[in-house]
Amino acid sequence: MKIQNHILSYQQKSICKSLSAWMMSFLLILMLAIMGWNISELKKTLSDNTEAYVCDVSSQLADDIYTQLNADKRYLELLADSLSDVTEQTVIRETLQKQTKNQTFDSLTIIDKDDVDEESAIKKAFDGKTIVSYDEEHNLVFAAPIKPVSKNSRILVGICSREQMQEHIQPQSYGGKGLTCIINQSGTVVISPTDLKPFLQIDNLFQSDEERQTKQLIVEMQKDMEKQQPGAFQFTAVDEQQLIMSYYPLGINGWILLTLVPADLIYHEADAYILNAFLIIGAIIIIFAILFVMLFRFYRNNQRKLEEIAFKDPVTGGMNGTAFKIRYQKLAMRMKPNTYAAVLLNVKAFKVINESYGISAGDDTLRYIHKVLISQMQPSEFTARGNADQFFVCFQENCRESIEKRLEAITDAINSFNYNSDMQYHFTILSGVYLIDEPSLDVNIVLDRALMACKSYNHEGTCAFYTPKMIEQLKRAQELNTLFEKSLENHDFQVYIQPKVKLAGETPCGGESLVRWIHPLHGIILPSDFIPLFEENGNICRLDLYIFEEVCMMIKHWREAGRELLPISVNLSRAHFRDLNFLKDFVKLKEKYQVPDWIIEMELTESTFFDQNKRVLATAAIKELNKNGFLCALDDFGMGYSSLGLLKEFDVDTIKLDREFFKDISNVKSQKIISSLFQMAKNLGIQTVAEGIETQEQIDFLRNTCCDVIQGYFFSKPLSMADFEKWSREKGMLRHKVEHCKNHDDKSADPKSFLMHRRMDKKKRK
């Protein structure tokens with residue numbers, strides 16, 4: 001059975017080989033026939049296409065010359081604008097000398113109006129227009145006005161030598177056999193050719209004046225030149241050589257680019273090619289070699305495409321993150337410590353571009369930034385786009401000052417596109433730098449360190465540099481995340497109350513709940529260490545709910561003890577607004593502990609409303625808060641750009657003026673602003689709270705305003721729940737009222753109580 005299978009397999013292979021041989025033979029015969037016919041038509045086709053080729057090359061050359069001349073004009077205009085405010089002659093001379101070395105002009109000079117002949121072509125430049133002309137020696141002359149244009153105007157004149165222009169207009173596409181010059185509409189030579197060969201003499205080019213066909217061609221060419229239309233024709237020169245003349249308008253001053261090339265420019269080598277082709281056709285082995293080469297090239301092209309997919313960024317066309325890492329690993333093998341720096345650049349708020357202008361505009365922006373980065377790289381440096389709007393850079397630098405200057409220059413270069421625009425948009429580039437002191441580190445660790453530095457950027461300086469302390473901070477963050485669950489279960493998070501005092505009478509009227517993390521092993525953990533961390537990872541939502549429940553339990557305890565209830569504020573993080581139904585958990589706890597309406601106040605920071613999407617959610621959330629018996633306070637009021645707009649748009653009960661308002665309380669301007677805010681809030685029926693009050697001077701000023709409530713160390717620091725009850729009791733507010741507890745919902749209860757006043761005020765505002 002195995003033998004039969006083997007024979008069958010061999011037969012199948014033989015049949016396949018035979019079919020392949022026959023197919024190959026057929027293809028070869030077909031190829032011979034096609035090539036024979038093709039070769040017979042080749043010479044004719046090449047002859048016909050030569051004229052079109054010359055026209056195309058002339059068109060491209062004319063476009064290049066036009067672009068160069070316009071670029072020189074634009075450069076001269078910019079230089080003239082930069083000299084408009086300069087009066088110091090020494091500075092002007094140094095500037096012109098420096099720019100002459102760096103640009104295409106052989107000389108730059110400033111000419112007054114009185115120094116120019118009335119018939120001079122550059123005279124028009126004094127009318128405010130930049131002109132291009134030529135002098136008697138066929139040098140190009142550029143002239144641009146120096147603003148302001150007046151009777152005492154000056155112009156900046158730049159000379160581009162004939163030799164330089166001759167080199168620029170000489171075509172490279174004709175193997176040195178072409179000849180070009182620039183003429184005006186009347187046929188006068190503006191820029192002459194560099195090498196007038198014997199068979200290409202313009203002065204005596206045509207065979208005779210009596211040749212009718214040549215005359216007709218010249219007449220048509222003259223008509224086309226008057227209409228600024230391109231064209232080409234073949235003719236026979238005086239030396240019997242077949243030539244092609246092409247004329248193409250430059251679009252400047254009516255000038256024409258004139259090109260002369262031999263008519264057999266392409267097909268004069270065709271004879272040798274045809275002979276070689278017949279030899280190749282007769283050699284079957286070479287055909288097989290060609291097929292092999294084609295297959296090999298096909299394989300190589302596929303491999304190259306795979307490499308592009310793997311290592312080329314599809315947006316910028318440069319290296320991607322993988323290619324960057326591979327190149328870095330090769331460099332790290334010979335890298336000395338502290339000779340290179342890894343940099344991560346992040347375009348701040350890049351999503352706004354995608355959302356506002358579309359993905360295509362975002363991709364264009366990324367390509368532009370990548371192009372700028374490439375232009376700023378040294379030969380030994382490289383860059384690549386990482387994820388989304390992040391870019392990796394490897395600098396050959398070890399000096400912080402030098403790196404900061406280079407990054408600042410990169411940011412300036414990126415934003416240079418709109419320096420002359422009326423509506424400017426500036427990119428903010430966040431930079432993180434790791435000075436590579438351990439080249440043997442894995443490239444992912446190197447980039448992670450640059451990323452950590454970038455995340456720590458605090459707007460001080462151009463960039464942030466990685467330090468070993470960042471690793472400790474990362475470990476600290478991981479440690480706090482690990483401790484969170486257990487601490488929540490063990491009630492290591494303790495609620496402290498910052499008392500609020502009515503300015504009139506200086507009596508306690510409530511408090512703000514704050515959190516303190518007191519761990520049995522790690523001691524006191526500062527809010528500045530864990531609040532930002534929990535806001536980033538979402539744990540802040542669970543912590544807010546925990547604090548809210550602790551406050552609810554405290555209020556229930558007060559009710560059961562028969563004490564008069566004080567409103568307590570609870571902070572509500574903006575992270576809650578990621579969930580449309582976040583409020584239901586708070587309502588359940590409020591109902592569970594039978595907390596009366598209007599006794600808990602939810603504090604929202606003003607930054608919650610900056611994001612337009614979150615603003616819509618916040619509007620709905622405030623309505624739900626009021627609907628479910630919660631007061632609503634706006635914390636840090638006045639620190640954003642839209643504070644007054646928020647009062648118009650949102651129904652808040654209280655605004656809390658940030659402590660920054662009261663730091664310079666002796667400033668008359670600050671006093672007027674504060675007084676106006678308090679008066680405005682009073683007119684709107686909104687309670688005001690002054691935060692961070694610590695001095696008698698601040699108290700004395702606030703007594704003369706419409707301020708309602710004071711919060712700060714002047715009256716009390718944040719207290720534990722027990723200490724807050726004791727402090728309030730000493731102030732005469734928390735007293736046992738058994739009858740009030742029993743008849744809490746009775747309409748005949750004491751109408752002077754703070755709770756009832758708050759309810760009545762709320763109804764009035766509604």
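**Reading the model**

Tutor: Start with one residue. I286 counts as partly exposed, because its relative accessibility is 37%. Buried means under 20% relative accessible area, exposed means over 50%, and partly exposed is in between (1.4 Å probe, protein chains only).

Student: What should I know about the model itself?

Tutor: This is a predicted model: local features need pLDDT of at least 70, side-chain atom pairs count only at pLDDT 80 or more, and totals for chains, interfaces and linings use all residues. Residues are numbered from 1 along each chain as its sequence is written, and side-chain values use heavy atoms, with hydrogens and water left out.

Student: Where does I286 lie?

Tutor: I286 lies in helix 6. Helices (H or I, at least four residues) and strands (E, at least two) are DSSP runs, numbered from the N terminus. The protein has 22 helices and 24 strands.

Student: Which residues form the nonpolar patch on the surface?

Tutor: A patch takes residues with over 30% relative accessible area and no salt bridge; like charges are joined within 9 Å, nonpolar side chains (Val, Leu, Ile, Met, Phe, Trp, Tyr) within 5 Å. A salt bridge is a side-chain nitrogen of Lys or Arg within 4 Å of a carboxyl oxygen of Asp or Glu. Here the patch is I280, I286, I290 and M294, with about 330 Å² of accessible area together. Areas come from the Shrake-Rupley method with a 1.4 Å probe; for residues, only the protein chains shown count as cover. Helix 6 (residues 284–311) gives the most to the patch, three residues.

Student: And inside?

Tutor: In soluble globular proteins, nonpolar side chains tend to be buried together. A nonpolar core is a set of buried Ala, Val, Leu, Ile, Met, Phe, Trp, Tyr and Cys residues joined through side-chain atoms within 4.5 Å. The largest core has 76 residues; F493, L543, I600, F662 and L702 touch the most other members. Helix 14 (residues 539–561) gives the most to this core, with ten residues.

Student: How many residues of the protein are buried, as a percentage?

Tutor: Buried residues make up 44% of the 766 residues.

Student: How do I read a sheet?

Tutor: Strands of a sheet pair through backbone hydrogen bonds, either parallel or antiparallel. Two strands pair if DSSP finds at least two bridges between them. Strand 13 (residues 429–435) pairs with strand 14 in the parallel sense over two bridges.
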